[in-house]
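This report goes through one protein model, part by part. Keep the structure in view while reading.

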Amino acid sequence: MTAADPYKILGVARDASDKDIQKAYRALAKKHHPDLNPGDAEAEKRFKEISVAYDLLSDPEKRARYDRGEIDASGNEQAQHYQRRYYRDYAGGPDNAYASSGAYADFTDMDDILSAFFSQRGAAGAGARTMNMRGRDVQYRLEVEFLEAVLGGKKRLAMPDGSTIDVTIPPGTRDGQVLRLAGKGQPGIGQGKAGDALVEISVRPHPVFTRDGDDIRMELPVTLKEAVLGGKVRAPTPSGAVDLTLPKWSNTGKVMRLKGKGVPGRNGAAGDLYITLKVVLPDAPDPELEAFMNTWAGSSAQDPRRGMEV
């Protein structure tokens, strides 16, 4: 079954900027995230579609290939665009799948290595020793979820030859961080050691949390009653939901800090979680609340716009 058009899924135009695509993803993911819709199978299905669409459109190379009709919305090759191509075809064209800026390894200077190899092999026949050369490092790009980067985890990376590499994501991994996997690169020549795999991590945005160094920030909606009377409210954290105690008269913009609920640090310490409160009114009009506000004498004594006169 062919996946739907990712532009339609995210509700963006085909010429949308990267920023617009990320903004649309965050809004939809926040609405349909399984953590915010427990037990809702339809929301979970919708969230998966949104994630697949964002995975394609947030990758410049995948997006360009999709726009050209070379891959479908699931990232699969389109049969009508398949043709047999050789290394020099890839190395010379703009769609070089072996370029270091893409998802696969950089073989563009393999000619130099082969040239040196064969020249030394020729010399070996005249008594010279066989060349031993360390294998080349290869570069990959791996997308991980926000919580995988914060809490750590394992991901499986597909290789161009169909094999896979298991990548351990350390807790606290940052967007753009490069992980080095020793010996997972190109094999060496002769007795030379294999090169390394350099995996650049790309962290997806989260619909609720944003990272600020080792701290995490979020906005928590609370009802008018909760804000006025205070009490316990359920709040999400990267490691699971907790009961947060609101003081009475907690206004919009009030920031509460949960120590140690941020990003784990290398020294065993962790950053903090900063929760900004946002008071929200009921979704539907409440006649009883309206009647109370019309008779509440205290409402006329407050001037929240004092000092804003121009």
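## A loop histidine and the overall fold

His 33 sits in the loop that connects helix H2 (18-32) to helix H3 (41-57). His 33 has a relative accessible area of 10%, so the residue is buried. Leaving aside residues up to four places away in sequence, His 33 touches Phe 47, His 206 and Pro 207.

The model is predicted. Its protein chain contains 9 helices and 11 strands. Of the 310 residues in the protein chain, 31% are buried. Among contacts in the protein chain with a separation of 6 or more, 51% are between residues 24 or more positions apart. The protein chain exposes about 19,600 Å², and carbon and sulfur atoms supply 51% of that area.

## Nonpolar cores and a surface patch

In soluble globular proteins, nonpolar side chains tend to be buried together. Here, the largest nonpolar core has 35 residues. Those with the most contacts inside this core are Leu 142, Val 167, Ile 201, Leu 220, Leu 244 and Ile 275. Not counting residues up to four places away in sequence, Leu 220 touches residues including Val 233, Pro 236, Leu 244, Ile 275 and Leu 277. A second, separate core has 19 residues, among them Tyr 7, Val 12, Ala 29 and Leu 57.

Some nonpolar residues lie on the surface instead: Phe 292, Met 293 and Trp 296 form a patch there, with about 280 Å² of accessible area together. Phe 292 belongs to helix H9 (residues 287-295). With a relative accessible area of 45%, Phe 292 is partly exposed.

## The loop between E4 and E5

Asp 196 is in the loop between strand E4 (178-181) and strand E5 (197-203). Is Asp 196 buried or exposed? Its relative accessibility is 10%, so Asp 196 counts as buried. The side chain of Asp 196 makes polar contacts with the side chains of Arg 134, at 3.2 Å, and Arg 180, at 2.9 Å.

Ala 182 is exposed, with a relative accessible area of 63%. The C-alpha atoms of Ala 182 and Ala 194 are 8.2 Å apart, while the two residues are 12 residues apart along the chain.

## Salt bridges

Side chains of opposite charge can pair when their charged atoms come close. The structure holds 25 salt bridges. Three of them are listed here.

| Asp 67 | Arg 14 | 3.4 Å |

Asp 55 is partly exposed at 23% relative accessibility, whereas Arg 204 is buried at 9%.

Asp 59 caps the N-terminal end of helix H4 (residues 60-67), with a side-chain oxygen 3.0 Å from the backbone nitrogen of Glu 61. Just after H4, Gly 69 has a positive phi of about 80°.

How values were computed. Residues numbered from 1 in each chain as written. Predicted model: local features only at pLDDT ≥ 70, side-chain atom pairs only at ≥ 80, totals over all residues. Heavy atoms only, no water. Core = buried A, V, L, I, M, F, W, Y, C linked by side-chain atoms within 4.5 Å. Buried < 20%, exposed > 50% of the residue type's maximum accessible area, 1.4 Å probe, protein only. Contact = heavy atoms within 4.5 Å. Helix = DSSP H or I, 4+ residues; strand = E, 2+ residues; numbered from the N terminus. Polar contact = N/O pair within 3.5 Å; in protein donor to acceptor, adjacent residues only side chain to side chain. Patch = residues over 30% accessible without salt bridge, like charges linked within 9 Å, V, L, I, M, F, W, Y side chains within 5 Å. Areas by Shrake-Rupley, 256 points an atom, 1.4 Å probe, with all protein chains shown as cover. Salt bridge = Lys/Arg side-chain N within 4 Å of Asp/Glu carboxyl O.
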